[in-house]
Amino acid sequence: MHLPGPAGPPLGDAPMGATLPEALAAHFETSPGRPLLWEERRGWVTSGDLDRASRQVAARLAGAGLRPGDRILMSAATSVELVETHVAALRLGLVVVPANTAYREREIAHLVGDSSPRAAVVDDPDRAGWIRRADPDVLVVGPDVDLRPGPAPLLDAVRPEDPAILGYTSGTTGTPKGAVLSHGNLLASSESVRLAWRWTADDRLVLALPLFHIHGLGVGLHGTLLTGASAVLLPRFDPDEVLDAVAAHDATLFFGVPTMYARLAGSPRLSELGRLRVCVSGSAPLPPAVFDRLADGSGQRILERYGMTETGMNVSNPYDGERRPGTVGFPLPGVELRLAEDGEVEVRGPNVFCGYWGRPDATAAAFTDDGWFKTGDIGEHDPDGYLRLVGRARDLIITGGLNVYPREVEDVLLEHPAVSEVAVAGTPDPEWGEIVTAWVVPSPAATPPEEAELARFASDRLARFKCPRRVLFVDALPRNALGKVLRHELKG
Ligand code: MLC
Ligand code: AMP
C-alpha cells in the first residue's frame with residue numbers, strides 16, 4: 001500500500017544550500033548577532049560566536065592532522081563547547097561518531113575498533129583511558145579541543161554525498177554497526193521536520209536530549225541550526241529544569257522521549273507545558289494514556305513522530321489537523337513509505353542512510369531488491385491513512401527511548417560462571433515503556449548467583465541502561481523444536 005504524505009508541504013529545493021554547513025554559513029553571514037544557543041555557564045551564544053568558535057576548533061583539528069573523511073568519536077555531556085566542536089567537525093568534512101556517555105569499556109572499544117577514529121572528544125578520564133587502550137594512536141581531547149591551531153583550513157566544502165555521521169545501532173547480532181549518514185541525509189531529515197512542524201527562526205527549543213543520538217542531535221540540534229532558530233541546552237532532563245527554562249526563555253518547542261513525558265505528566269507544574277507552541281515525542285511509543293494526561297493537564301496535544309538512526313525522521317502526526325494518540329501519522333516531506341506483505345514498514349527518500357560502515361552484507365540485507373529500507377518495525381494504517389506501529393520484526397527492547405538488543409545482554413550474562421542459559425526480553429513498564437528483564441537458568445554445578453551479583457557483573461561490562469532491572473531464575477527456557485528460545489513466551 002502506498003499513501004501520500006500530508007505531514008507537511010513538499011520538500012522542494014532546499015532553500016539554504018545542499019548541506020547543513022552551507023545552510024549554517026548562510027545564517028552566520030546574514031544574522032551573526034542572533035542568539036543561538038544558551039547554556040547555564042555561558043549564557044547566550046550568538047550565531048557569529050558559533051561561527052568564530054567552530055573556525056578556531058576546525059583550525060586546531062586540522063593542525064593536528066585531521067583531514068576530511070577522518071572519523072572523530074564524540075562522547076560528552078551536552079555543552080556549547082560540544083556543539084562548537086561538532087559544528088567544526090561537520091564544516092571540516094570529518095565524520096562524527098557519536099557515542100553514549102553511559103558506555104563501558106567493551107562498548108567503547110567496539111566503536112573504536114570498528115570506526116578507527118583519528119581523534120576522540122570525551123569529557124571523562126575513564127572513557128579517555130578506554131579509548132587510548134583500544135587504540136593508542138587516537139588523539140584524545142576534551143570538548144574544548146585544547147590544541148595548537150594550524151593554518152585556517154578549507155571549510156563548508158562538503159558535498160551532499162559525503163559522509164557526515166556514523167550512527168552506531170545494533171542489529172539482531174547484537175554487534176553495533178555504524179549507519180553512514182551523508183550530509184545530504186542530515187539536511188533532508190532536518191528540512192522535512194522544519195516544514196512539517198512549521199519551525200521558524202522565531203522558535204526556541206528546550207533541548208534536554210543527549211547529543212549522542214539522532215533525536216537530540218539530528219532533530220534537535222541540526223533542526224535548530226538549519227532553521228536559524230535558537231535552543232536552550234540542558235545537560236540532563238529534569239521536569240522542573242525544563243519548565244523553568246520554558247518560562248525563563250519564552251521557549252516555543254520541546255522534544256522528548258515518552259519517559260520524559262511520563263515524568264512531566266506527573267509534575268504538579270504540568271499546566272506550564274501548555275505555554276509551548278508544540279511538543280514532539282519520539283524514539284519509542286507514547287502511551288495514549290500519557291497523551292491524554294498531558295492534554296487534560298496542559299492543553300498540549302503531543303505531536304508524535306517516528307524515526308530511526310538509519311533514516312532520521314520518517315513519519316509524523318500532522319501539525320495542523322488531528323494528532324492521533326497511538327499513531328505516528330503520515331510520511332514526512334520527501335519520505336516514501338510502504339508496508340510489506342507481513343506489515344514491515346519500508347521507506348525510501350533522501351533521508352535514508354547510505355549503508356553500514358564496512359558491512360556490505362548487512363547493508364544488502366537491510367534493503368529490498370528495489371531499494372527500499374526495511375525498518376524492522378511492523379505497521380498498519382488506520383482507514384484514513386494514519387500509521388500505527390504495532391510491533392517489531394526484530395528483538396529490540398526500547399527503554400526510556402534507548403535501544404537494547406537482548407543478544408548483547410545475553411552474551412554478557414552468559415560469561416558469568418553461574419549462568420547456564422539466559423534469555424533477555426522487554427517487559428512493560430509505565431515509566432520506561434519497557435524494562436530489560438533476564439530469565440536465567442543457573443549452572444547446576446555452581447552456587448546460584450544472587451540477583452545483585454548478576455547486576456554488578458552486567459554493569460561492569462554494559463551501559464547501565466542495558467543492564468537487567470529484573471532477573472527471574474527459572475529451571476528451563478521455553479524453546480521450539482529447533483531449540484530456539486521463544487521470546488514471546490517469556491512473561492514477567
Ligand atoms: C537512565 N537509566 C536508564 C535509562 N536512562 N535505564 C533504562 N533506560 C534508560 N533509558 C538508568 C540510570 O543509569 C540510573 O541507573 C537509573 O536508570 C535512574 O536514572 P534516572 O536519573 O532516573 O534517569 P535519567 O538520567 O533521568 O535518564 C532518563 C532519561 C534518559 C529518559 C532522561 O534515559 C534519556 O535521556 N533518554 C533519551 C535517550 C535518547 O536520546 N533516545 C533517542 C535515540 S534516537 P542507576 O542504576 O545508576 O540508578 C532514536 C531515533 C528516534 O531512537 O526516533 O528518535
Ligand atoms: P534507533 O535505532 O535508536 O534509531 O531507534 C529506532 C527505533 O525506535 C525504530 O525502529 C522504532 O522501533 C522506534 N521508534 C522511534 N519512534 C517511535 C515511535 N514514535 N513509536 C514507536 N517506536 C518508535
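Two strands, β13 (303-308) and β20 (387-392), each put at least two residues into the shell around ligand 2; strands here are DSSP E runs of at least two residues, numbered from the N terminus. β13 is the top contributor, with five residues. This is a predicted model, where local features need pLDDT of at least 70, side-chain atom pairs count only at pLDDT 80 or more, and totals for chains, interfaces and linings use all residues. Residues are numbered from 1 along each chain as its sequence is written, chains are lettered from A and ligands numbered from 1 in the order written, and side-chain values use heavy atoms, leaving out hydrogens and water.

**Around ligand 2**

- Ligand 2 has 17 residues around it, and Arg-305, Thr-309, Asp-377, Arg-394 and Asn-403 come nearest (near means a heavy atom within 4 Å).
- Polar contacts are pairs of N or O atoms within 3.5 Å: a nitrogen atom of ligand 2 sits 2.7 Å from a polar backbone atom of Arg-305, and a nitrogen atom of the ligand is 2.9 Å from a polar side-chain atom of Glu-304.
- The protein covers 92% of the 500 Å² of accessible area that ligand 2 has on its own (Shrake-Rupley method, 1.4 Å probe).

- In domain 1, 19 residues are in contact with 20 residues of domain 2, contact being heavy atoms within 4.5 Å.

Definitions and conventions:
A polar contact is a pair of N or O atoms within 3.5 Å; within protein, one must be able to donate a hydrogen and the other to accept it, and residues adjacent in sequence count only if both atoms are side-chain atoms. Helices (H or I, at least four residues) and strands (E, at least two) are DSSP runs, numbered from the N terminus.
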